[in-house]
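Please read it alongside the sequence and coordinates.

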Amino acid sequence: MENESRSIETRVEGQVGFITLNRPKVLNAINRQMLSSIVREMEEFDRDDNVKVIVLHGNGRAFAAGADIDEMMNDDSIDLELLNQFVEWDRLAWVKKPIIGAVQGFALGGGFELALCCDILLASEDAEFGFPEVDLGVMPGAGGTVRLTKLVGRATAMRWLLTGERFTAKEALDSGVVSKLVPSDLLLEETEKFASIIANKPSLSIRFIKESVHKAEDTSIYEAMQFERKNFSLLFSSEDQKEGMNAFKEKRKPHFKGQ
Amino acid sequence: MFKTIKYEVHDRVAWLTLYRSDKLNAFTEEMHSEMLTALKDVERNENVRCLVITGEGRAFSSGEDLDGVTEGLDHGHVIRKRYTPVLIQLAKIDKPVIAAINGIAAGSGFSLALACDFRLMHEQAKLVQAFIHVGLIPDSGNLYYLPKLIGHAKALELAVLGEKVTAEEAKEIGLVTKVIDGENWMEGVSSFAERLANMPTRAIGLIKQQLQASWDMPLELFLEKEAYGQRMAGLTSDHQEGVHAFMEKRSPDFAGK
């Protein structure tokens, strides 16, 4: 239990909940226990009214440099099937509040997959990404081939997944994996600023926008449109919609309550 | 530890000396690998606040060792495997880098000097774009740095005509910071290096990055980068020290942090 609590750390500042991967000695390599803790804290923040936005980042030289190989190298197929470990990763997709990932240093293998579970990524200018699994005789198993392909398209995803080569922050920016590059020393500061911008928006809008974008990525245009429409309509039951539109008409700043 | 270079750190200054004087310090695979190791130390070693690259004996460097240039050699491979990593590593160094051109700098020896931030030149030294004389193009970043330093027209002139450039001419076209006479050479280089090593190192690194960005960034992005840069400089203790020293009317003591 003690180890578990140390492998990640959490804090709330302003309305932002921070989850810090905290195994710097092993470049925050993700083991099963650590992933469970991340999922649990994410769900905790998701229920916490004081938290509007979640930030995920790593302590030390890496975001996360991969998965813990020792833990799995002697597993066989049946072990893995019965363990069903990736079902925990699925729960990250059910978190309703926006998750911002701040990637400094390495995001490799399982670490990169974890980064891809975030809704939006900021990265340090010297960050490096990659899926080296192929060189271990395996492949990504926590959504790597799926999420990367959705994000960058088949051609680029194939190149990175088949060669296992690392790519730079600049390439990640150009291909749409990350939204913004920041000098390493300022990454956390800029991420906080970015997170607090979103935290101050009407949180029901943020919630439904996130949901709709994910829907759009994962279903037909027709269905996504229907879904968007329902969410749009739903927001008209919120106080923030009344406040937002009244403030607009009265040419004043809105005061959102998140309701 | 090293065979083909000397690498020493004295009083915040790292000295990387190309050390094959019997071969006019011509580059070999081993030498590049040793240079790479030394340059990584320069990048990481917090005691280093300035780097001087110079040559042992009468040359700075005559460029690629022609003993290794055999028929069927894949020149592109040599560049990718040996020169490019050294140049990339050199460009990563956020500290002032001086080429102390003690003697002839030819071919990729000239290129190495161009990749440094400052060039100090011995009055007897010469620079040669030797490549054209053997039907090759100036490599190892030469044509990247040269036009930025002296302009397109002059860069083309040097690269195509391949004439020797004396120290005096180099000074005239803005290629070197200072020409130093033989008697004062070592003293001149050391005092220049020492001066840089006592400056606000972080700010120098940020200036280097910013100037480099000016070549390939649109104004809006450049100004955004500038805002980041100034934010980081504003967080340094050297900035505090500079402001305090100014108000207290004393000379600042910069720690490079």
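## Sheet of chain A

In chain A, 6 strands make up an open sheet of mixed pairing, in the order β1-β2-β3-β5-β7-β10. The edge positions belong to β1 (8–13) and β10 (180–182) of chain A, each of which pairs on one side only. From one strand to the next, the twist averages 20°. Strands here are DSSP runs of E with at least two residues, helices are runs of H or I with at least four, and both are numbered from the N terminus. Two strands count as paired if DSSP finds at least two bridges between them.

The model is predicted; local features need pLDDT of at least 70, side-chain atom pairs count only at pLDDT 80 or more, and totals for chains, interfaces and linings use all residues. Residues are numbered from 1 along each chain as its sequence is written, while chains are lettered from A and ligands numbered from 1 in the order in which they are written.

Strand β5 (residues 99–103) of chain A pairs in the parallel sense with strand β7 (residues 120–124) of chain A over 4 bridges. Within this pairing, A:V103 has A:A123 of β7(A) as its bridge partner. Helix α10 (residues 187–199) of chain A packs on the sheet and touches β2, β3 (53–58), β5, β7 and β10 of chain A, its direction making about 165° with that of β3(A). Contact means that the C-beta atoms of two residues, placed from the backbone, lie within 7 Å. Axes are lines fitted to C-alpha atoms, for helices over the stretch in contact, and angles run from 0 to 180 degrees between N-to-C directions.

β5(A) is also parallel to β3(A), with 4 bridges between them, and A:V55 stands opposite A:I100 in β5(A). Because 5 of the 5 residues of β5(A) are buried, the strand is largely enclosed by the rest of the structure. Buried means 20 or more other C-beta atoms within 10 Å of the residue's own, exposed means 12 or fewer, and partly exposed is in between, with C-beta atoms placed from the backbone. The buried residues are A:I99, A:G101 and A:V103 on one side and A:I100 and A:A102 on the other. In a regular strand the side chains alternate between the two faces of the sheet.

## Sheet of chain B

Chain B has an open sheet of 6 strands with mixed pairing, in the order β1-β2-β3-β5-β7-β10. Its edge strands are β1 (5–10) and β10 (178–180) of chain B, each pairing on one side only. Here the twist averages 20° from one strand to the next.

| Strands | Bridges | Residue pair |
|---|---|---|
| β3(B) and β5(B) | 4 bridges | B:I53 and B:A99 |
| β5(B) and β7(B) | 4 bridges | B:I98 and B:F118 |
| β7(B) and β10(B) | 3 bridges | B:H122 and B:I180 |

Strand β5 (residues 97–101) of chain B is mostly covered, with 5 of its 5 residues buried. B:V97, B:A99 and B:I101 point one way from β5(B), B:I98 and B:A100 point the other way, and all are buried. Helix α1 (residues 29–44) of chain B lies across β1, β2 (13–18) and β3 (50–55) of chain B and runs at about 15° to β1(B).

## Domains and confidence

Chain B is divided into domain 1 (5–197) and domain 2 (201–247), with bounds from an automatic or database domain assignment. Taken over C-alpha atoms, the centres of these two domains of chain B are 27 Å apart. Contacts between them involve 6 residues of domain 1 of chain B and 5 residues of domain 2 of chain B. The domain 1 side of chain B that touches domain 2 of chain B has 1 nonpolar, no polar and 5 charged residues. Ala, Val, Leu, Ile, Met, Phe, Trp, Tyr, Cys and Pro count as nonpolar, Asp, Glu, Lys and Arg as charged, and the others, Gly among them, as polar.

Chain B averages a pLDDT of 96, and 100% of the residues score at least 70; pLDDT is the predictor's confidence in each residue, from 0 to 100. For the complex, the predictor gives an ipTM of 0.78 and a pTM of 0.85.

## Positive phi in chain A

Most residues other than glycine have a negative phi. A:L27, which is not glycine, has a positive phi near 50°. A:L27 is in the loop between β2 (16–21) and α2 (32–47) of chain A, and counts as partly exposed with 19 C-beta neighbours inside 10 Å. A:K251, also not a glycine, has a positive phi of about 55°. A:K251 is placed in the segment after α13 (239–249) of chain A and is exposed, with 6 other C-beta atoms within 10 Å.
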